[in-house]
Structure formats: C-alpha cells, structure tokens
Amino acid sequence: MNRVGGWLLAAALLLLCACGRMAEVRPVGEGTDRPSLMYPDYRDVTVPCNLAPLNFYYTAPGRGRFATTFSAGDVSCTLRGREVVWKERRWKELLAAAAGGEVSVVSRTGDVEVRWAFRVSADPIDPYLTYRLIEPGFEVWDDLEIVERCLENFDTRVISDWRHTGNRCMNCHIHSRARGDLSLFYLRGEGGGAILQRDGKLRKLALRDSSMISPTVYGEIHPEGRYGIFSTNTIIPAMHPVGGRRMEVYDTASDLVVADFDANRMLTFPETARADVFETFPVFSADGRWIYYCAAPVRPLPAEVAQLRYSLVRRPFDPATGAIGSPADTLWSASARGASVCHPKASPDGRRLLYTVADYGTFPINHRECDLEMMDLETGEILPMDAVNADRSDTYHSWSSDGRWFVFASKRGDGLYGRPWFCHVAEDGTPARPFLLPQADPHFYDAMLRSFNVPDLGKAPVGFDAEDIGRLLRDVPAEVFE
Amino acid sequence: MKRKALRTVWIVLAAAALAVGAAQAVFLLRHPYFRKYAAQNGLSLREARKAWGRPDGISELAMGLAVESSLENWDRVAALAAEDRTSEVGTYYYNLANAMRGQLPDRLLDYYQPFERGLFLPVGEHSTPFVIGCAGDVWFALGDMVMAERDAMLGLIFSPAHKGSRYVRRLAETNLVTGDREAASKFLRMLLDGPRRDRKWAEERLPGAWTPAVERRIEGKRALLPALDVVHGMDQVPLILRLLLNANPGNRMALDYLLCYDLLTKDLDAFVGDYVPALTASRLYEEAMLIVLAAKGGMNEENLVRYHIAAETLERFNRFVTVYRRDGGSGRNLGEFRNTYWYYFYYAVRNE
C-alpha cells in the first residue's frame with residue numbers, strides 16, 4: 001500500500017510539473033519579445049543536416065492542447081504539448097529523411113491549424129561554437145566564462161572561466177578559419193595575456209611593446225599561423241541619455257600592429273599607425289595576402305561621435321615578412337554611404353566579405369539600426385541581406401570553414417541580450433532565413449540574463465579547458481614581445 | 001530498553017529541531033531586513049548567509065534602507081537613515097528620502113555629508129556590490145532611465161545569484177518608461193514566473209492591464225525623461241543633471257540635486273550658473289550665495305532681493321564672519337553654525 005502511495009505521490013508531482021509547463025506564457029504578441037506563435041520561431045528557416053533538435057514552445061494564449069506533426073519523405077512524427085521537445089534519435093531520423101529538402105509541419109491547437117516548413121541543407125555546419133557568456137555591463141564584470149557548445153547536440157564545455165582565473169576579465173575566443181587547433185583569446189589584468197593555442201601548445205603572450213597605444217585588442221590569426229594582425233586602441237565607454245542606444249563606445253586613438261608568434265616581435269608600420277586616422281578591426285583575406293580593416297579620420301570625441309564613420313579598407317600583406325604594404329584600397333566608403341562599417345570577416349573560400357553597418361561609430365551592439373552586409377569580393381557587389389537582418393543590432397559574425405554558414409550575435413527580440421543566430425549562404429551568395437541556436441529546454445532563453453558574446457564557429461573542439469587555462473595563468477609567465 | 005533508547009533519540013532530535021527553529025525565529029525577528037533583502041536578491045536565508053555572512057546592526061540597517069527605498073517608503077527610509085549617520089549609503093538614502101519629500105537642500109547639512117558621494121554612490125572597480133546595487137535608486141527617482149537601467153544591470157551582475165526581483169522590477173519599469181516594450185516584456189515575464197508578490201506587481205504592468213495608478217506613475221516618469229542625446233561619461237553627474245533640466249526646467253528634484261552637488265563639491269562658480277531662485281528656494285542656497293556675493297563684491301540690496309536672501313540669513317552670516325575673523329579661521333566658537341553652508345565650505349575636508 002505504501003509503495004502504491006509513493007507511486008501515486010510521484011505521479012501527482014509529475015502531473016504538477018507538467019501543469020507548470022503547460023502554463024500560459026505572457027506577455028506575448030505584437031510589441032513584445034515573443035511576437036510569433038512559437039519561440040524560437042523556426043518557420044521558413046534553413047538548418048544544417050547535422051544540427052541538434054529544434055525544440056520550441058507555443059506562445060498562444062490559453063491552456064489549449066497542442067499537437068505538432070513533422071513530415072519529411074517517409075518519416076512522420078507527432079509531438080504533443082505546448083513544449084515541442086525532441087528525442088534525439090527521432091530528430092536525427094527526420095533530418096536524414098529531409099537532408100537537402102524540406103520538413104513540412106502542421107501545428108494544431110483546438111480548431112486552429114497552421115502549416116509551415118523549414119529546410120534542411122545538405123551542407124553540414126562546423127559542429128562547435130565558442131562564445132563568451134556575459135551580462136550586459138559597463139566596464140565591470142563578474143563570473144565570466146567562455147563556453148564551447150557542440151551544435152550536433154546540447155553538450156557544452158567551459159574552456160575558460162572565472163573560477164580558474166580569479167574572476168578576471170576575459171575577452172572572446174576566436175578560431176583561425178574555424179580550426180580547433182588554432183585559436184586565441186585574452187585574459188586581462190595582471191599576470192594575464194593573449195592565450196594562443198597553436199601546434200598543440202598553449203602560450204601566454206604579452207602582445208605589447210612600448211610604442212603601442214595599448215595591449216592588442218581586436219584581431220585575427222593569419223591562416224598559416226605565424227602572424228596575427230591586431231588593433232591597439234584607447235577605448236572610452238559613454239552613455240546615450242536618449243534614443244535607446246544606451247551605451248556608446250568609441251576610440252580616442254587606434255592603430256594596427258602585426259604580431260610575429262615565431263620571433264616574439266611586434267611589427268608596426270607608419271601606414272597603419274597614423275595619428276590622424278583611427279584604424280581598427282583588422283582581419284586577413286582567405287589567402288592571407290591582404291588585410292581588411294576599418295579606418296576613419298580622427299575627430300573630437302565624444303562631441304562629434306555621430307559623425308564618426310569608418311570606411312572599409314584593404315592593404316597588401318606579405319606572409320613571408322609580416323609586412324603591411326601599400327596602396328590602400330577603399331572597398332566601402334563611409335562618406336559615400338553616409339554610414340560606418342565595422343567587424344569585417346572574409347569567408348574562408350575567399351569569395352565574400354561580411355561586415356556590420358551602423359549609422360556611425362565603432363561599437364554598434366547597441367545601435368538598433370546596425371545590420372549585416374555582405375560583399376562579393378570578385379565583383380564588389382553588395383548582396384541583399386533582408387532575410388537576415390532584424391530591427392535590432394546584428395553583428396559579431398563568424399564564418400564556417402567552408403563559407404556556407406555564418407553565425408552572428410543578434411539582439412532581435414528583447415534588444416538587450418545577444419543570442420547566436422545561424423545563416424546558410426547558398427552557392428550564389430543568397431542568404432537564407434537565420435535560426436536561433438536551439439536549446440534542450442525551449443524556455444532556456446526566457447530566464448537567460450547573459451549575452452552570447454562573439455559566437456565563433458569551429459570544425460573541432462579546442463584543445464584545452466578551463467583547468468588548463470587556470471594552470472597557464474598561475475604557473476607560466478607571459479612571453480615578452482619586443 | 002531498545003524502545004526507550006529510540007524514544008530518547010526522538011526527543012533529542014525534536015529538541016534540536018525546536019532549538020534550530022527557535023534560533024531561526026530569533027534571527028528573523030532581529031534581522032527582518034536581511035531576509036527581505038535576500039528575497040529581493042533571489043536568495044534563500046541560507047544562501048544569503050553564505051554570500052554575505054551573518055548580518056550585524058550596520059548591515060541590517062543598510063539593507064533596511066535599500067529595501068524600504070525599493071518600496072518607496074520614504075518616511076521609513078528617513079527614519080532608518082536617522083539611525084546611521086556615518087556611512088555613505090546612509091547619507092545617500094537620507095538625501096534621497098528628503099529629496100522625494102522636497103526637503104533635500106533644507107536638510108542637507110543636518111547630516112553627515114561625504115561630499116558628492118552622499119548624493120550619487122560611486123560605481124566603479126572599488127565599489128562594493130551592495131553599493132552598486134543601490135546606486136540606481138537616485139537616477140530612477142530623478143528620471144534618467146538609462147543610468148537607472150545601467151545600475152540595475154550592474155546590480156544583477158554583482159548579486160550573488162545574478163538575479164533578483166529588486167533589479168528585474170527596475171529593468172521592467174525603466175523600459176516601460178522609455179517605451180521599449182520588447183525589453184520590458186522580457187523582465188515582466190520573468191517576474192510572472194516568480195513569487196506571488198512579484199507576479200502581482202508584474203500583472204499590473206502587463207500591456208493593456210495598467211491600473212490608473214500605474215499609468216500615472218509611468219507617465220509621470222516619462223515626463224522627466226531627457227530629450228537631448230548628448231553622449232556623456234558615466235561619471236559626468238552635472239552634465240546628466242543638466243540634460244534632465246534642459247528637457248524639464250521644472251524638475252525640481254534634479255535642480256536641487258545639481259545645486260547640492262555644486263555645493264558639496266564646493267564649486268561655487270557652477271552653483272551660480274545653475275541656480276535659478278525662481279524655481280527653488282532654501283536657506284542653504286541663500287547661505288551659498290552670500291559667500292559668492294561677499295567674495296565678488298556684490299553685497300547690495302539688488303542682489304539680496306534677486307537671490308531671495310532673507311534678512312535673518314544675512315544677519316546670521318554677518319555673525320559667522322565676525323566670529324570667523326575674530327578667531328582667525330580656527331573654527332572655534334562656531335558651534336551654532338555647524339549646519340550652515342559657511343561652516344561646510346570652510347571646514348569640510350575630504351577623507352581621501
């Protein structure tokens with residue numbers, strides 16, 4: 001009898017939990033951060049054939065019954081409930097049946113029936129994503145961590161965190177051409193440095209010499225791994241009292257430098273260290289023979305911050321010597337466009353350049369108008385991105401190793417927290433409707449108060465974890481660069 | 001025999017449980033604000049003790065100020081502040097409570113004033129998490145929702161569990177005021193998932209469900225919003241206040257905070273520029289103007305009328321000057337002037 005009572009109690013508890021899950025989600029609809037009938041809204045998106053299940057929930061009011069039927073080829077599956085949560089095996093079956101095609105979906109609640117679909121691209125996405133989890137802050141931080149997520153399931157792994165680094169500031173992790181064995185991030189503060197993972201080795205580097213404005217900030221590793229191109233910036237945070245932009249961050253000085261990781265040297269060049277020009281956000285071309293960066297004439301700041309507009313510039317780079325050359329080509333003119341460009345990223349296939357455009361400035365994450373733009377590097381043509389951009393900041397993008405996918409941080413929805421969105425790029429450069437990183441719990445983002453900062457794709461997991469970073473910080477002095 | 005031993009064990013256990021319960025009850029009676037502040041930070045009592053340690057009288061009082069301020073019980077805030085005359089947080093809430101009741105300048109120098117830090121709590125690398133969590137209250141009251149939102153975000157960052165209705169309510173409300181409905185909806189949804197008191201608060205603020213009181217409150221705050229988009233540093237307090245006044249010259253609280261900021265930082269040139277006698281009045285301002293007029297040779301009838309300086313204040317100032325000169329500025333025999341701006345101006349020294 002006691003055993004029966006226990007089972008009844010457990011069943012009642014389960015029922016209670018289920019009822020809790022069935023609870024109506026509010027507020028939803030027009031003018032809220034949950035405007036669609038489901039969240040995340042996966043209608044008409046294109047997903048890769050190796051993606052984790054697209055779990056979601058319905059936002060419809062009331063306590064109705066929900067049934068969702070997915071069909072592709074000869075596979076059909078109906079999931080019941082407001083929360084649509086897949087078993088991994090069934091999801092994989094569905095994806096396999098739909099690869100290169102479409103999944104048709106029928107959502108039913110009461111008398112209402114909605115038919116929709118999503119496409120499954122045969123192009124797999126690089127299966128790892130790194131990102132920094134950070135609360136929107138203002139010069140201060142607490143409990144930062146950099147996480148690596150496997151996109152084929154819901155596994156996550158912390159690769160650096162506050163527990164092992166004395167709660168210090170750490171900046172975002174970037175792969176070189178999505179390589180799991182070549183990547184970099186910064187641990188700031190005393191005893192910190194740039195953490196370079198290369199040739200199976202972790203190094204801590206003091207990427208600064210006496211002529212530089214600051215330690216290195218934004219940058220990228222050369223495809224061959226010997227050099228890195230970086231900006232060195234004096235960064236000033238400030239506030240916008242009106243207009244919803246909240247925080248504006250600008251540089252009062254910025255130059256470019258090259259780091260030689262073999263010779264432990266910093267290289268500077270007069271062409272990219274001009275006192276009358278702000279130079280920032282440098283990256284390499286796919287073949288490593290060019291650098292792309294953003295440049296703007298120096299202005300009095302913050303008084304003229306609304307007139308601070310960066311152009312997109314290209315200069316030759318010599319992979320044998322690490323030298324930045326001349327002439328400079330302006331690929332995208334700020335004065336002609338009346339806007340400002342930042343964060344250029346060349347696709348690994350060398351065909352396209354993806355960057356962000358805002359009305360002005362160099363820190364667009366709070367600029368609602370900030371959108372992604374893509375340039376065809378062969379023709380100079382700017383490709384339409386209407387399917388990708390939203391009415392909130394879309395930025396901090398990175399390419400997959402084959403150039404067929406990119407991930408970007410978007411503040412669409414609540415406008416405050418950056419989330420990783422993924423976009424497929426067709427052979428002709430046409431971008432598909434992007435999708436939000438799926439989570440095991442479809443309500444994951446409801447309670448999440450941290451941004452996914454600088455999401456970056458990787459073909460393989462990085463070769464270190466948070467404990468390795470803690471040891472490196474504690475036991476290894478930073479290598480000096482001259 | 002075995003039964004007896006079992007019974008004894010039960011009795012001991014029951015007594016222990018009772019003792020623990022009684023100790024807990026005594027703790028809660030002695031530290032009611034600790035519990036409330038913990039709840040506002042999304043913490044159980046056990047988590048709060050682990051994060052903050054056992055409260056003492058000072059921390060209990062500080063938490064009381066933060067809790068009562070969040071509930072906008074300004075008389076209670078003032079009463080609690082009267083018990084703490086030594087901390088920046090105590091002064092900050094004392095000033096805020098007085099400002100909310102239109103008495104900021106009149107009562108400013110009746111209390112310990114650590115220069116401008118009693119008006120605006122410093123937020124930076126050296127600030128404590130508790131101070132950071134309190135710093136936005138004044139900005140919300142003044143009408144700067146961007147600064148209020150910044151401090152609520154920072155409050156969340158530095159709260160032990162990175163959550164808490166104290167900050168989430170503020171984030172919801174700042175965004176309702178600025179009209180960012182998408183952002184507000186995120187925070188309202190989080191509150192609707194929380195305890196009953198938060199659910200009720202959020203229910204009243206859902207789109208289309210505003211009570212007349214909520215509507216009045218939101219509209220009242222909207223009326224205070226700045227209008228000019230001048231990018232400013234986070235510590236440029238006078239500029240932020242002037243932007244509020246530029247949009248709403250009638251924002252008396254912002255004007256008083258600006259004038260008191262000028263006076264507590266002893267920036268009399270700024271005070272003269274900011275002072276509009278037609279918009280606010282206080283003995284404090286009269287006293288400050290007398291220093292200015294005396295220093296710049298403007299002690300004439302026209303100026304005394306222009307700056308609304310009462311004969312009684314002038315007479316008292318003359319007495320202060322007489323004693324000050326007689327004793328060579330030593331500060332002796334000036335006890336009766338201790339709550340005047342003259343005394344503050346000449347004798348207050350920064351403890352840095």
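Tutor: Domain bounds here come from an automatic or database domain assignment. Residues are numbered from 1 along each chain as its sequence is written, chains are lettered from A and ligands numbered from 1 in the order in which they are written. This is a predicted model, in which local features need pLDDT of at least 70 and side-chain atom pairs count only at pLDDT 80 or more, while totals for chains, interfaces and linings use all residues.

Student: Into which domains is chain A divided, and how many Å separate their centres?

Tutor: The assignment divides chain A into domain 1 (3-121) and domain 2 (128-475). Taken over C-alpha atoms, the centres of these two domains of chain A are separated by 34 Å.

Student: Which strand gives the most to the side of domain 1 of chain A that touches domain 2 of chain A?

Tutor: Two residues are in contact if their C-beta atoms, placed from the backbone, lie within 7 Å, and by that rule 21 residues of domain 1 of chain A are in contact with 18 residues of domain 2 of chain A. Strands (E, at least two residues) and helices (H or I, at least four residues) are DSSP runs, numbered from the N terminus. On the domain 1 side, β2 (46-48), β3 (56-58) and β6 (83-84) of chain A each supply at least two residues. The strand that gives the most, with three residues, is β2(A).

Student: Which residues of helix α2 of chain A are buried, and within what arc do they fall?

Tutor: A residue is buried if 20 or more other C-beta atoms lie within 10 Å of its own, exposed if 12 or fewer, and partly exposed in between, with C-beta atoms placed from the backbone. In helix α2 (residues 88-98) of chain A, the buried residues are A:Trp91, A:Leu94, A:Leu95 and A:Ala98. The arc is that of the directions from the helix axis to the C-beta atoms, and seen down the axis of α2(A) these residues line one face of the helix, because they fall within an arc of 100 degrees.
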